[in-house]
Amino acid sequence: MQWEIAMILNQYYLQCLSQASYLVADPVSRRAVVVDPRRDVEQYLQDAKAQDLTIELVLLTHVHADFIPGHTELSERTGAEIAMGELSPVEFPIRRLADGERIPLGDPETGVVLEVLATPGHTPESITLAVYERGSDPAPHAILTGDTLFLGDVGRPDLLGSAGRTADEMARMLYRSLHTKLLPLPDEVLVYPGHGAGSACGKALSTDTVSTLGDQRRGNYALAPMSEDEFVSVVTDGLGAPPVYFVDEVAVNKAGHLPFDPELPVQEVDAATAISHQQRLGYLLLDVRDDQAFAASHLRGAINVGLSGRFAEYAAALIAADQPVILVGSPEQCAEARMRLARVGIDLVACQLTDLEELTNNPELVVSSSRLTVHQAAAAIAANPDLQVVDVRGPGEHKGGALPGAVNLCVTRLRTTLDQLDRTRPVLVHCAGGYRSIAAASLLEANGFPDVSDLLGGYSAWAAESSAA
């Protein structure tokens, strides 16, 4: 979105990662900054060119845990300097921004100015950027809050607990940041967050992508009048374990990454070579077709994460960070998958199989998936006391209802919890609608579980059948 006032403020919302980035520019000087860019940076470059803007600075609000930002790529393409909060624990060169530092993009009085607000809590180095339409204005037009303040929520305070800080300590930092830096601002200030609904960086995020501070003051549970102790209790309650890949993302984002080149060709392989690489070299076969195509016919040992859903985050959860990947899908699907994997730091796409006739021409290398209807699943549960029923949804979803006897092993951590299941017993996997369950079932099969099925239609189909009975 772009506001037709004395500034340029564009929001770029990436639905599949629930992630927002921003371009801010002064309309007179045409100088611009990009905040928390995604890794495929063409859109920023195209918009800057179309509006005759010069991107001089790339700002990161904090060390991200859920995606790899495109600061390296933008800096390489534009020469822009990379900047972060002064406490940022990164190993690559940055401009360190002090609390209260002002960054004029044009005239310091009449032009667009950014002010750095240190807002620790989600991470120790987190900053919020106050955007002034004119540097002399008494209050900012908008705040770019990163993962400090979301719409309807605040950033999780527990994601860096392993770095020596407890969730309680981080939550107290967050409370003070909100109450000393953000809540004193006027109600009409626009709030632009770093994430929206679906992100694992919070627990109750809105589907909206812009709000006002006044609306958040009235409707955000975490901004209701309460003591610091009460705030700590409410924001740390009900936090499930974060996705397993967050640790890897933080490590990459601290160390820095090499630029991603989407035009780099990927080696094509046939079915036999793909299977050989998997068995001899430990490559992971990632089939990115939809669940129906995968279930009907796929290479032995392949894992399915379809491009139609939240592909990147589930793929990142199922793939070890250092494991080379072989993509299976159409040429268009594989190209899209490679880009979306790069956004979460999976750069080791070693090769791809895009000639899908290979699946038809090599039946000895191909298998199908076992998928049960609600009636078949109910019969299997009743007839087989050894059946392990696994719900791979999040803990909140599981509490709302699950199949009888189901154990809750969230798909975003399943790679590290496989030992909680008995490989000698059959497994029935379910999620809400089938997207996550076939991904989980294929992971189990690839890890030596010989008898795995998933529930067609998921718990939604089960609940609908139960209510109709």
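Mentor: Contact here means heavy atoms within 4.5 Å. The model is predicted, and the part to look at is the pair formed by helix H9 (residues 311-318) and helix H10 (residues 331-342). Two packed helices are described by the angle between their axes and the distance between the axes. For H9 and H10 the angle is about 70° and the axes are 9 Å apart. Angles of 65 to 115 degrees count as roughly perpendicular, and H9 and H10 are therefore roughly perpendicular to each other.

On the H9 side, the residues in contact are Phe-311, Ala-312 and Ala-315. Across from them, H10 supplies Ala-337, Arg-340 and Leu-341. By type, this contact holds five nonpolar residues, one charged residue and no polar residue.

Next come the surroundings. In soluble globular proteins, nonpolar side chains tend to be buried together. In this model the largest nonpolar core has 60 residues, and Phe-311 is one of the three that touch the most other members, along with Leu-286 and Leu-327. Both helices of the pair are among the elements that give two or more residues to this core; the others include helix H6 (246-255), strand E14 (284-287), strand E17 (325-328) and helix H14 (435-446). H9 gives the most, with seven residues.

A second, separate core has 24 residues, including Ile-143, Val-154, Leu-185 and Met-226.

One more residue belongs in this close look. Thr-412 is placed in the loop between strand E22 (407-408) and strand E23 (427-430). Buried means under 20% relative accessible area; Thr-412 has 9%, so Thr-412 is buried. Not counting residues up to four places away in sequence, Thr-412 touches Tyr-314 and Ala-317, as well as Pro-243 and Val-244.

Conventions. Residues numbered from 1 in each chain as written. Predicted model: local features only at pLDDT ≥ 70, side-chain atom pairs only at ≥ 80, totals over all residues. Heavy atoms only, no water. Axes fitted to C-alpha atoms, helices over the stretch in contact; angles between N-to-C directions. Helix = DSSP H or I, 4+ residues; strand = E, 2+ residues; numbered from the N terminus. Parallel < 35°, antiparallel > 145°, perpendicular 65-115°, else oblique. Nonpolar A, V, L, I, M, F, W, Y, C, P; charged D, E, K, R; others polar. Buried < 20%, exposed > 50% of the residue type's maximum accessible area, 1.4 Å probe, protein only. Core = buried A, V, L, I, M, F, W, Y, C linked by side-chain atoms within 4.5 Å.
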